[in-house]
Structures are given as C-alpha cells and as structure tokens.
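Subject: The model, with notes

Hello,

Here is the structure I promised to pass on. Please have a look at it first, and then read my notes below.

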Amino acid sequence: MCGRYASSRRPEDLAGIFEIQKWEEPEEELAPDYNVAPTKEVYAVLDRPLKDVEDPAPVRQLRTLKWGLVPSWSKTPEGGARMINARAETVHEKPSYRRAFAARRCLLPADGYYEWVTAPEERQLEVEGKKKRSRKQPYFVTPADGSVFAMAGLYEFWRDKTLPDEHPLAWWVTCTVITTEAETTPLAVAPAEGPRSLADIHPRMPLMLTPDRWDAWLDPSRTDVEELRPLLEPPPAGLMRAYPVSTAVSNVRNNGPELLKELDGPEEGTLF
C-alpha cells in the first residue's frame, strides 16, 4: 500500500522533470513535505485542456490536489480518506475508480514512500488477538539513482452541492495512488540487516511509472481499458533501495528532512 510518502521537490524542479506547460500557482506554494499523509494537498502532473481557450488540445499541467479520492457520484466527501490507494489489478472495474482510470490519470511526484515492517508471524498474532500491536520499524523506499519517484495516480472532480457555484470550495479535485504487488527480487541497495526485497517489507507497493510510460499514461485520448492495462505492469526490477528511518515518521505531526536520515540499523525494540 501507500499510506505516507515524502515530496520535497519545488514546483520549478518538477516543471523541468515533467515538461510542465501550465502551472496555476496557488496562493501559497506547497512547502516540501517529508511526511505526506492522506487528506493533505499534494502536487500532481496531468494532461488536460485549459479552461476558456479555443484550443482543445491537452496541456501538461502541475496541479494541487487533495490525497484521498472522492468519486464524482459520492453524496459526501467523507469517504475520501479511505480511498488513498487503488489496486492495479482491479482499478479498471471498481465503481469508485473505473471512470477515472479511463479518462483522468495523473502522476504523483515523490522522493519515495514509507512502509512499516510487520513480520508474518507477528501479523498473525495480532489478527488472533494474542499480541498487542507491535512497534514496527519504518523503511524509506526510493529510486537507487536519486531520480523522482513518479507514482501512478487517478484524479476526480466532486461538486459540493451545498455551496454556490462561485464558492472557492464548490469543487473538490482529489486523487489516489495506484498500488501493485511488491517486488520479490533483490533490492538495488538493501540495508545491512533486515529486508532484502520490497516484498519483505510489505506485500504491496505504489506503482512507479518510468519516464518511457509518462506520456501514454497521461494522454486523456487513450480511453480503451484493454490498451491502458499494460501500462499497469510493474517497473523493471532492481531500481529501488530501502533503508531504515526513525520511528518519528510514524507520527504525522513530525515533518522535516531528518525523517529521511538513514539509520545504521533498526531502532531498538522494533521488528527487524
């Protein structure tokens, strides 16, 4: 899954990486965020025609969206916090995501994502109620070459009918991260002790799209589901590294570059 990630690149940097043509600068630029959590505002890259122009051609844009997708048909936005992830295997058929998959795809830029290790035997004891929730060791997963981690995402528009058209909050634009099965192959760079693959950390991972897939993924003229599904293939193996970080990241109130500092090993009292 993807429940937290880090995103510290400035808009001007993202504009160069993703060849952004239009950026509607908000009143306040999003600050670098080292502990992005659901319901936060995040940057997204998408291709969409501009408003109030004659040319209908899609334009590469950098937009600010809320993480946690609210389907257009939803009566309230309250379920958005639960729809932070969509499974690659079923995204084309689930009512909450299938329309967005066909027409409203985006990229969510990140430095990498956090995941917490739960060993299988510990997880089973928790399920059986024989063990209290264990203190889990967080890991940061990021491209080994330092490149941007471009997560496949979907976005959706939702109209708050309790507000007038001119109200600035009348329309919500929300997003979700697509996840896939975690790699079982060895990490490009693994910690000295602990997990050797992404699957050792968690059975799911965000779907990272390599640059050769960006244009096809963002192209809104591609609407055929069967043509789109091959884009959901996992990236080539061996691109990622993972390392232990402080358990301070487990508290969403903590935020700063120190959260990305690599530890020599797992913190005392944590799994792995």
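A contact, as I use the word here, means heavy atoms within 4.5 Å. Among contacts in the protein chain between residues at least 6 apart in sequence, 72% join residues at least 24 apart.

Before the details, some housekeeping. This is a predicted model, so to speak of local features I needed pLDDT of at least 70, and side-chain atom pairs count only at pLDDT 80 or more, while totals for chains, interfaces and linings use all residues. Residues are numbered from 1 along each chain as its sequence is written, and side-chain values use heavy atoms, with hydrogens and water left out.

The protein chain has six helices and 13 strands; helices (H or I, at least four residues) and strands (E, at least two) are DSSP runs, numbered from the N terminus. Of its 272 residues, 49% are buried. Buried means under 20% relative accessible area, exposed over 50%, and partly exposed in between, with a 1.4 Å probe and protein chains only.

Strand 10 has antiparallel partners; two strands pair if DSSP finds at least two bridges between them. Strand 7 is joined to strand 10 by six bridges, and P109 has A150 as its bridge partner there. With strand 11, strand 10 pairs over seven bridges, also in the antiparallel sense, and R159 stands opposite W171.

In the loop between strand 10 and strand 11 you will find K161. At 77% relative accessibility, K161 counts as exposed. Its C-alpha atom is separated by 9.5 Å from that of T76, 85 residues apart along the chain.

Next, the interior. I call a nonpolar core a set of buried Ala, Val, Leu, Ile, Met, Phe, Trp, Tyr and Cys residues joined through side-chain atoms within 4.5 Å. The largest one has 31 residues, and Y5, W67, L108, Y113, M151, Y155 and L198 touch the most other members. Elements that give two or more residues to this core include strand 4 (41-48), strand 5 (59-67), strand 7 (105-110) and helix 4 (198-201). Strand 10 gives the most, with four residues. Apart from this core lies another, of 28 residues, among them V91, Y97, A152 and I178. As for M151, its contacts include C2, Y5, C106, V177 and P206, not counting residues up to four places away in sequence.

Helix 1 (residues 11-18) has P11, L14 and F18 buried. Seen down the helix axis, these buried residues fall within an arc of 60 degrees (taken from the directions from the axis to the C-beta atoms), so they line one face of the helix. The face turned away from them carries the exposed residues E12 and G16. On the buried side, helix 1 packs against strand 2 (22-23), strand 4, strand 5, strand 7, strand 10 and helix 5 (211-218). Just after helix 1, E19 takes a positive phi of about 55 degrees.

N85 sits in strand 6 (residues 85-87). At 17% relative accessibility, N85 counts as buried. Its side chain reaches the backbone nitrogen of C2 at 2.8 Å. Among the residues that N85 touches, not counting those up to four places away in sequence, are M1, W67, Y97 and T179.

Finally, there is an open sheet of five strands in the order 3-1-8-9-13, with antiparallel pairing. Strand 3 (33-36) and strand 13 stand at the edges, each with a single partner strand, so one side of each is left without a neighbour in the sheet. Strand 8 (residues 112-116) pairs with strand 9 over four bridges, and Y114 stands opposite F140. Five bridges join strand 9 to strand 13, where F140 stands opposite Y243.

Note on methods. A polar contact is a pair of N or O atoms within 3.5 Å; within protein, one must be able to donate a hydrogen and the other to accept it, and residues adjacent in sequence count only if both atoms are side-chain atoms.
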